[in-house]
Amino acid sequence: MTGSFAFLVADVVCYGKRHNITGVKVTPTVTADGPRDGKGFGECSLLSDAFSITEETNAHLDKDTARLLRAGASQVFWLRASRNRLREGLAALLDVVGPRTVSICESNSLRNVVEPGLFLLVTGPGQNGWKDSARRLREHADRIVFSENGKFSLDLDRVRLVDGRWTLLEKATAIVMAGGASRRMGTDKSMLPINGRPLIENLCGQLAGNFEQILISANDAEKFAFLGFEVIPDKVPGQGPLMGIVSALAASANRLNFVVACDIPHIRLAFVRRMLRQVADGNADIIIPMTREGQCEPLFAVYRKHAIQTVNQALSWGHRKISQVFSLCNVEYIELETDIPNINTTAEYEELKQQLGI
């Protein structure tokens, strides 16, 4: 699905006064297995068809669709579908509103069939526990927001639209590692063209609007000046990615830092936000993704700024591999559901172009 949805479970201020926003309310309907969440049917849970789409036009009613209209949505739709037909119902809705429509959607269940640009779970003191549908999706939430008396624990100014997609401006720095020699590629892979733009520019475009600061770790500032971000050279050249990481951490304005290699064509920002949340809520110095085969991804990881001391210690001992830092600090691992694609060889680059149809 190509529609842009921000999934909410409570009323949130709509951006309709500044943008053309479509509101969507999704209700799972009764199936042969029984009512939603195993509870009462409710006035809207029975359907004769697999799904139903209706447009709300009355903003004065006491219901969620009307509240979305009052909040500023240009149009609001109510999608009712059985759980096993939600994807089909969403496809039909996108045929109505258009695949590039920017939307705010109130739903838990829809998160099971599509990954939104931003997924917020909202709760308040008056709510008696979590709905089963919300509890099952907690680990997938980009942020759990607490609401009381019309105020939210999340600064709503951090919720933004970037290129028609919802983003959450993290109080964190993204560090793009672009100082490698690209030996296996035989040419500078950061400048490989992807849809008419260098690979590193494509990567930075995905990061923009999601991080307070973006730094480029590289020794050739002039080469990357076109990106418009600060380029941080290694304090001591020729000592590998560890030196690049510690030099960029020293220049970072934030305590949380997402370190990413420049040869990754697509970033799952939901997974990155999950790592940032795990570091912020815990005691880890570094969060490292790990594949089911046990392979670590230290250049797609989150580092606390205070890891500088540990990395400097490792460098002083002559260590050059990032993995040699792990035993010196508190490292936590997070399982990767799918591998992180990167471009190291000409064959991998040609495969990527075939996938993109270029």
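This is a predicted model: local features need pLDDT of at least 70, side-chain atom pairs count only at pLDDT 80 or more; totals for chains, interfaces and linings use all residues.
**Exercise 1.** Find the order of the strands in the open sheet of seven strands, and name the edge strands.

*Solution.* 
- Step 1: The order is E15-E14-E11-E16-E18-E17-E19, with mixed pairing.
- Step 2: E15 and strand E19 (331-335) are the edges, as each pairs on one side only.
- Step 3: On average, neighbouring strands of this sheet are turned by 30° against each other, direction ignored.
- Step 4: Ile287 stands opposite Val302 in E18.

**Exercise 2.** Explain why helix H5 (residues 241-251) is described as largely enclosed by the rest of the structure.

*Solution.* 
- Step 1: List the buried residues of H5: Leu242, Met243, Gly244, Ile245, Val246, Ser247, Ala248 and Leu249.
- Step 2: Eight of the 11 residues of H5 are therefore buried, and the helix is largely enclosed.
- Step 3: The buried residues pack against strands E11 (170-177), E14 (211-217), E15 (230-232), E16 (256-261) and E18 (300-304), and against helix H7 (308-316).
- Step 4: H5 lies across E11, E14, E15, E16 and E18, and runs at about 145° to E11.

**Exercise 3.** Describe the largest nonpolar core and the contacts of Phe300.

*Solution.* 
- Step 1: The core has 35 residues, and those with the most contacts inside it are Val176, Leu207, Ile216, Phe258, Ile267 and Phe300.
- Step 2: The elements that give it two or more residues are E11, helix H4 (199-207), E14, E16, helix H6 (269-281) and E18. H6 gives the most, with six residues.
- Step 3: Leaving aside neighbours within four places in sequence, Phe300 has contacts that include Phe258, Ile264, Ile267, Phe271, Met275, Pro289 and Ile340.
- Step 4: Another core, of 22 residues, lies apart from the largest one; among its residues are Leu242, Met243, Val259 and Cys329.

**Exercise 4.** How many helices and strands does the protein chain have, and what percentage of its residues count as buried?

*Solution.* 
- Step 1: The protein chain has eight helices and 19 strands.
- Step 2: Of its 358 residues, 50% count as buried.

Terms used. Residues are numbered from 1 along each chain as its sequence is written. Side-chain values use heavy atoms; hydrogens and water are left out. Buried means under 20% relative accessible area, exposed over 50%, partly exposed in between (1.4 Å probe, protein chains only). Helices (H or I, at least four residues) and strands (E, at least two) are DSSP runs, numbered from the N terminus. Contact means heavy atoms within 4.5 Å. A nonpolar core is a set of buried Ala, Val, Leu, Ile, Met, Phe, Trp, Tyr and Cys residues joined through side-chain atoms within 4.5 Å. Two strands pair if DSSP finds at least two bridges between them. Axes are lines fitted to C-alpha atoms, for helices over the stretch in contact, and angles run from 0 to 180 degrees between N-to-C directions.
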